[in-house]
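Please find below a short note for a colleague who is new to this structure.

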Amino acid sequence: MAAALVAPALIAAHNLLDRHGDPLLDIVALCVLAGALGVAAPLRAAPGTALICWTFFSLLAMPPMDRFSWSGHHDLQRLVYLLLAAGAGTVGARLFHARGAYRRISTTS
């Protein structure tokens with residue numbers, strides 16, 4: 001839900017500032033967003049987060065505007081980047097929490 005609300009706002013803000021300039025900056029911002037959203041989400045939510053972010057990227061950041069476009073391996077690569085970012089956020093958060101739990105258990109024993 002957060003991805004569906006924040007992704008279009010992020011792209012729209014960037015388009016206002018950059019006038020539909022470099023889509024690389026949009027995909028980097030969406031990867032950061034996917035990673036941040038992955039911190040609070042289960043790993044099974046990563047594909048959905050990546051797909052929602054890519055959908056808004058395709059609709060709002062790449063010409064033709066307001067239409068889906070698939071440019072072969074470029075869009076597949078973008079989708080993989082978003083999926084890796086969301087998965088990395090989730091895995092990183094789980095490792096952080098597991099490390100904290102291990103420390104709490106080991107200090108009480």
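1. The model is predicted: local features need pLDDT of at least 70, side-chain atom pairs count only at pLDDT 80 or more, and totals for chains, interfaces and linings use all residues. Residues are numbered from 1 along each chain as its sequence is written, and side-chain values use heavy atoms, with hydrogens and water left out.

2. Helix 4 (residues 73-108) has 36 residues and spans 52 Å from its first C-alpha to its last, close to the 52 Å expected at 1.5 Å a residue. Helices are DSSP runs of H or I with at least four residues, numbered from the N terminus; the expected span is 1.5 Å times one less than the number of residues.

3. Among the buried residues of helix 4 are Asp75, Arg78, Leu82 and Thr90 (buried means under 20% relative accessible area, exposed over 50%, partly exposed in between, with a 1.4 Å probe and protein chains only). Their cover includes helix 2 (23-39) and helix 3 (46-60).

4. The structure holds one aromatic pair. Trp54 and Trp70 form this pair, which is edge-to-face (ring centres within 6.5 Å, planes over 60 degrees apart), at 5.6 Å centre to centre and 70 degrees between the planes. Trp54 lies in helix 3 and Trp70 in the loop between helix 3 and helix 4, so the pair ties together parts 16 residues apart in sequence.

5. Trp54 counts as buried, at 10% relative accessibility, whereas Trp70 counts as exposed, at 51%.

Notes
Helix = DSSP H or I, 4+ residues; strand = E, 2+ residues; numbered from the N terminus. Contact = heavy atoms within 4.5 Å. Phe/Tyr/Trp six-rings, centres within 6.5 Å; stacked < 30°, edge-to-face > 60°.
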